[in-house]
Amino acid sequence: MGMDRERPIERFLPLRPVEFDVLLSLAAGERHGYGIIQDAEARGLAAPPDVGTLYRALRRMQEQALIDGAEPREAPEAGGERRHYYRITPLGLRVARAEAYRLAALARAAMASGLLEATAL
Amino acid sequence: MSTRIMPHDMHGRPLDGPAAGETRLVRASDRLLRLLLRLYPEDFRQDMGEAIVETYRDRCRDAVRRGGLPTLAGVWFSAVGDSVRNGLGERARPSISWRRTGNWGRDAERTIRRLVRAPLFTLSMIATLTIGLGAFAVVFAVVQKVLLAPLPYERPEDLYFVWRDYSTIMDLKRGSLAGTDVTALATSGGPIMDVAAISRSQRTLARANVPPTDAAPEEIPLFVTTPNIFKILGVRPMLGRSFAPAEVGPGRTPVVVLGHDLWQRRFAGDRTVVGTDVLLNDIAYKVIGVLPPDVRFLKHSGLGPPESAEAYVTHTVDLATTNPGAGSYAGLLRARPGSSPQAVAAAVGTVGRRVDERDHGSRGIALHPVELIPDLVANVRPALLVLAAAGALLVLVLAVNMATLLLVRASERDREFAISNALGANRSALVRATLLEAMLLGIVGGACGALLAVWGTRALVALAPENLPRRETIAIDWPIALVVVGTGALLGLLAGMLPAGWATQARLSTLLRNAAVRGGGGQGRMRRAMVVVQVALSVVLLSAGGLVVRSFSHLLRVEPGFDAENMLTMRVPVPTARYTGDTLANQLHDRLQRELAAIPGVTSVGAASLLPLANDGNQTRVTFPGAPGNKGDEEHDAPLVDYLSTRPGYFETLGIRVAAGRPFGPTRTPGLREAVIDQALADQFYPGGNAVGARIRFGDDTLTVVGVVGHARMYDVHQDGRMQLYLRNEDYTYHTLQWALRSDRPPATLVQDVRATVQRIDPGLALAQVRPMSEVVDEALRQPRLSAVLLSAFSIGALLLAAMGLYGVVAGSVNRRRHEMAVRLALGADHRGVLRLMLGEGVRLVLLGLVIGVPGVWAAGRLIDGVLVGVSPLDPLTLVAVVGGLALVAAVACYVPARRVGGIEPAQSLREG
């Protein structure tokens, strides 16, 4: 996937909702799959991604080097069972930041056109 | 002592209480999830499967804690949806990862690349499939469109034709109905919804109030019908309206509905023609409507093929007042929706018995309905079924051929397979790849075949008889193309199964062993078995083809009783409105005959109410009072004969042999009604000869036989019809006659002069059906010709495929046993002996195939017996020729590769080995 590494950041944008969910969670630290879903639920915006949808995105993002798989390790909240963890790569962080700026710009534009009150942010 | 088995969690810690229940549920979830994971492609499953199960486990555990079993069930339910959607979604996206295995798109891509790398194999395979499936597609299209497709009417399954069955009193099962029969049927109710009475007639069409150049008269066939016909068919005019219920019977404005073809051809699609008048036999008819293009209604007839017409008018008589003894109409019946054919037959039968009692003094004249499609295709059905069977057989041969080629290919790759297997390759992946390759070839071949068949059907329609029912609908459309492509795919799958099986069995050990001894192994056995099957199938197809070709060549040689060469025929309709009475008509006929005979090159002119092969006839009963052949049995002594009204010079012009007495002279003998009878009639009543001078009762008249002639066939080229009686047209005047001109120049060159002559005599006369008699004969031979062409093409194709298979086996065997042959040669065997050894293998396969084919040949003979003329289905000459031909081709196919053993240099071969 050498080609993908040379992809300009903008070529990843806009991210799919599930991809942004993943990057948002992983930006805060390593997570396993259910952790990402719980984070998305906690954000409470839309329905959290399906498990299958999430893992297809995780695999795709691994191939695009946006995230990395960490060594499986015991998860305290799963009764000490071993879990697959994922972490964000520097490229993933840059892409997530670019997506956040893009969304912020959209939000400003929405305010300018009166769709969104200034207090909403 | 008893041990209580405690539940344990996955880390071996004993569980108890609610936690144990929760764990059981979570484990059940795990099992479900692992099952669902199979929906994903294998590589995805390997990468992400464990993580997905873990995540679902967390989810399920949460669900159980939050809401118990119902909440968990919700999670399971959504897991099923999730896996189906994403699993299949992932499979369908080959481009996401190049490294993917176990992915359909990836498999297809690999297969295509493999096929492109072997262009010779791929192209020859696709070419074979294209031709084979193309032939199949053509046959399938014909069978589907002619035998199976529904007619383009509303609920066509509820339509029937009704006929009078006279079989208790004479040999006629399909007599026309009287008008009173139709009225009785139409008012009987029950399952009978409505009935139309239809007759067909030829009228001379001219346009009123148009320039003379557009007004040239033309004879057209039209249906004279009750006004309900379009309601019964469920057909609406495209322009204008259909008949009003009251527009029938005498004393009203005559109205006509034009067929679409006539409207296009004669009125150039002019929409303003509706409301104007046209002339039919010089009577003005108001055009009230034009039918849409797809309405091509055919009136089935008692004798001969169904007939079409170009326009519709209504009866000028009141059907209820017509003579119940006359049979003039075909009855088209619409049954109430959902009535079974048996119920309709019973209802029609009941009406028939009532009518028989009322009108015929209970002589047992019955009415019976026939269904439209079976009746329409009755004549062509046997020939088409033979074609369908031949097409199916060809596809089978093709499948075997394809399997053979794939097997050869698989054997060339057996090293690859064996190594892959030894390296632990996924066996199902190998099977899948092989099947996919075969299926892909089948699909491409099917698509090319369907494309080829687009032209093929056009060629076939050109070859097909004019009266082949629904001829104009024969074409390849999307559903048929889809069936052909599907057949190709199925064929590929079937043919791919053998090599796929072979691929999974390839073991490194076998490969090494085979390499050591260079023996055949299982693959060689399979190939030989397939050659045997091919030979067996080919001999079946070849014998069927051979028989049909023999039958056709017999047809070409039969003597129909007249000479069709150098003869132009035509019909000159004479309107009774202007030529009222027989005298005017006879004067016109005299003049026509005289002036047509004066055309340069014309050597004689004759005319009759019907010409040979008209596939039509007028029948009556005649008796020969006092003839020695009478037996006192009414059926024998009062036979139903075809009678023809002729002009002098008819027999001379047609080349009909005069066996005794004389033909009709140029002028009538005063006080004598002359008759000429055919040989069969003379033989029946005057077995010792001396029929000349005999008296015949013909209706109320007495005729005197002046001559006996050979039978000129009226219906089929190959068999006699009813016995024939010829009358003088001056005695029994038909206004409209069929004319025949014998000439010493090609008939086609006469047409111009004939037209000019007729126009000079009366510009209002139309000419119809102007064509050489040889064309009429050709037309009658079209169906057997088509069968002969298609079946011989199929059987030659099968023979070539079998020869290819045989060649391949012998060539492979020569290659494989090169070493062995070299040893034999080195030990003193001569080349001739070695050659014989190699040939022996091929010969054994051919003989075995022939033996296996014998029951097939017998069955095929039974199947085609119905379409054979003058040839027995087990005709020894044909069978010997087929076996001989097959043996010859097989010998060549064996000898050519086997000859290579001659080139074996023992010393060199052994060194190489």
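A cavity is here a set of points, on a 1 Å grid over the protein atoms alone, where a 1.4 Å probe fits but cannot get out, and its lining residues have an atom within 4 Å of a point. Grid points are joined across faces, edges and corners, and a volume is the space filled by probe spheres set on the points. The structure is a predicted model, in which local features need pLDDT of at least 70 and side-chain atom pairs count only at pLDDT 80 or more, whereas totals for chains, interfaces and linings use all residues. Residues are numbered from 1 along each chain as its sequence is written, chains are lettered from A in the order in which they are written, and side-chain values use heavy atoms, with hydrogens and water left out.

Under this rule, six cavities of 30 Å³ or more are counted. The largest cavity holds about 80 Å³ of space, and its lining includes B:Val142, B:Leu384, B:Leu460, B:Gln783 and B:Ser787. Two or more lining residues come from each of helix H10 (381–412) and helix H22 (782–816) of chain B, helices being DSSP runs of H or I with at least four residues and strands runs of E with at least two, numbered from the N terminus. Nine residues of this lining are nonpolar, two are polar and none is charged, where Ala, Val, Leu, Ile, Met, Phe, Trp, Tyr, Cys and Pro count as nonpolar, Asp, Glu, Lys and Arg as charged, and the others, Gly among them, as polar.

The second largest cavity, of about 60 Å³, has a lining of nine nonpolar, no polar and no charged residues. H22 of chain B gives the most to this lining, with four residues, and helix H25 (876–898) of chain B supplies at least two.

The largest nonpolar core has 154 residues, and B:Tyr726 is one of those that touch the most other members; such a core is a set of buried Ala, Val, Leu, Ile, Met, Phe, Trp, Tyr and Cys residues joined through side-chain atoms within 4.5 Å. Beyond its neighbours within four places in sequence, B:Tyr726 is in contact (heavy atoms within 4.5 Å) with residues including B:Tyr650, B:Ile656 and B:Phe664. Another core, of 41 residues, lies apart from the largest one and has A:Tyr34 and B:Tyr40 among its members.

B:Arg728, in strand S19 (residues 724–728) of chain B, has a relative accessible area of 1% and is therefore buried, a term for values under 20% with a 1.4 Å probe and protein chains only. The side chain of B:Arg728 reaches the backbone oxygen of B:Gly665 at 2.7 Å.

Definitions and conventions:
On a 1 Å grid over the protein atoms alone, a cavity is a set of points where a 1.4 Å probe fits but cannot get out, and a pocket is an open set with protein on both sides within 12 Å along at least five of seven lines; lining residues have an atom within 4 Å of a point. Buried means under 20% relative accessible area, exposed over 50%, partly exposed in between (1.4 Å probe, protein chains only). A polar contact is a pair of N or O atoms within 3.5 Å; within protein, one must be able to donate a hydrogen and the other to accept it, and residues adjacent in sequence count only if both atoms are side-chain atoms.
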